[in-house]
Amino acid sequence: MVRPKTEEEIELLRENAILVSRTLAEVGKWVAPGVTTAKLNEVAETFIRDNGAIPSFLGYEGFPAAICASVNDVVVHGFPSDYVLREGDIFTADIGTLYKGYNGDSAYTYPVGEVSAETRKLLDVTKASLYKGIEAAVAGNRVGDIGHAVQSYVEGYGFSVVRELEGHGLGKSMHEEPGVPNYGRPGHGPRLVEGMVICIEPMINAGGRGVYLARNGWAVHTADHKRSAHFELTVVVRHGKAEQLSTFDYIESTGKF
Ligand code: MG
Ligand code: MG
């Protein structure tokens with residue numbers, strides 16, 4: 001049985017969520033052709049530390065950087081590197097913070113300059129599927145309702161859901177129960193209760209759902225090397241309507257994306 005968070009804990013998780021949201025926006029200011037993903041990692045790490053928090057991914061099970069930097073066919077867990085972003089690429093930043101003993105965790109896939117119409121559609125549908133999942137994250141529903149909402153939406157566009165990775169509870173640990181898959185059957189899985197804090201994070205492939213792990217043991221690639229998008233937000237399960245803790249408003253209010 002998952003213990004719901006107290007309102008005091010939720011406030012601490014909210015502080016983290018806002019910091020992660022602002023960090024994603026800070027990274028977004030720098031996303032452009034000609035920029036390395038290592039530079040974007042540096043921007044994020046500096047911003048997190050300047051705000052008195054710790055980049056929680058750094059050193060997590062040996063992860064070597066502050067953010068996951070995943071380009072094009074990399075689904076998640078890419079290492080920041082000397083790779084120079086090119087016009088038409090997509091770049092996912094997945095960012096975690098540790099602040100006042102609690103965690104923040106959110107992700108955004110940015111288009112780099114102008115992207116193709118097909119890529120734009122992948123981004124739009126993946127992000128919309130996250131909001132479909134959030135709509136299902138209400139007290140009394142089950143985890144499978146979230147997964148079903150995401151899956152049925154994206155498959156309607158011919159895209160596919162990565163099965164090997166999933167969302168999760170969030171609190172003092174970065175990954176808590178319950179797991180929140182992006183596929184599922186309505187009415188199945190753990191029941192959602194008021195005060196549960198979860199990260200919903202669809203990872204959606206333009207082509208088939210197959211993935212493989214790179215030889216570095218971290219980066220997850222699409223098997224067919226088509227593109228993959230990833231959007232993640234943290235929400236509180238409430239009666240009637242979930243409450244969003246993190247937000248893309250800081251990223252999107254600039255109009256750049
Ligand atoms: Mg994340
Ligand atoms: Mg997560």
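Two strands count as paired if DSSP finds at least two bridges between them; the bridge partners named on this tour are to be read in that sense. The model is predicted. Its mean pLDDT is 98, and 100% of the residues reach 70 or more. Colour by confidence to begin: the lowest mean, 97, belongs to strand β8 (residues 176-180), and the highest, 99, to β13.

**Stop 1: strand β9**

Select residues 197-200, which form strand β9. Show the side chains. Val 197 and Cys 199 point to one side and Ile 198 and Ile 200 to the other, and all four are buried, so both faces of the strand are covered. In a regular strand the side chains alternate between the two faces of the sheet.

Strand β14 runs antiparallel to β9 and is joined to it by four bridges. Pick Ile 200 and look across to β14, where Leu 233 is its bridge partner. Next select residues 167-169, strand β7, which pairs with β9 in the antiparallel sense over two bridges. Here His 168 has Cys 199 of β9 as its bridge partner.

**Stop 2: the magnesium site**

Select the magnesium ion (ligand 1) and the residues that supply its protein donors: Asp 94, with two OD entries, Asp 105 (OD) and Glu 232 (OE). Along the sequence, the donor residues follow the spacing D-x10-D-x126-E. Asp 94 sits in strand β4 (residues 90-99), while Glu 232 sits in the loop between β13 (228-230) and β14 (233-236), so the pair ties together parts that are 138 residues apart in sequence. Both Asp 94 and Glu 232 are buried.

Then bring in the magnesium ion (ligand 2). Which residue bridges it and the magnesium ion (ligand 1)? Asp 105 does, and the two ions lie 3.1 Å apart.

**Stop 3: a three-stranded sheet**

Finish with β3, β12 and β11, selected in that order across an open sheet with antiparallel pairing. β3 (74-76) and β11 (211-213) are the edge strands; each has a single partner strand, so one side of each is left without a neighbour in the sheet. On average, neighbouring strands here are turned by 40 degrees against each other, direction ignored.

Zoom in on β11 and β12 (residues 220-222), an antiparallel pair joined by three bridges.

Key
Residues numbered from 1 in each chain as written. Chains lettered and ligands numbered in written order. Predicted model: local features only at pLDDT ≥ 70, side-chain atom pairs only at ≥ 80, totals over all residues. Heavy atoms only, no water. Axes fitted to C-alpha atoms, helices over the stretch in contact; angles between N-to-C directions. Donors = N, O, S within 2.8 Å, 3.2 Å for Na, K, Ca; no water. Buried < 20%, exposed > 50% of the residue type's maximum accessible area, 1.4 Å probe, protein only. pLDDT = per-residue confidence, 0-100.
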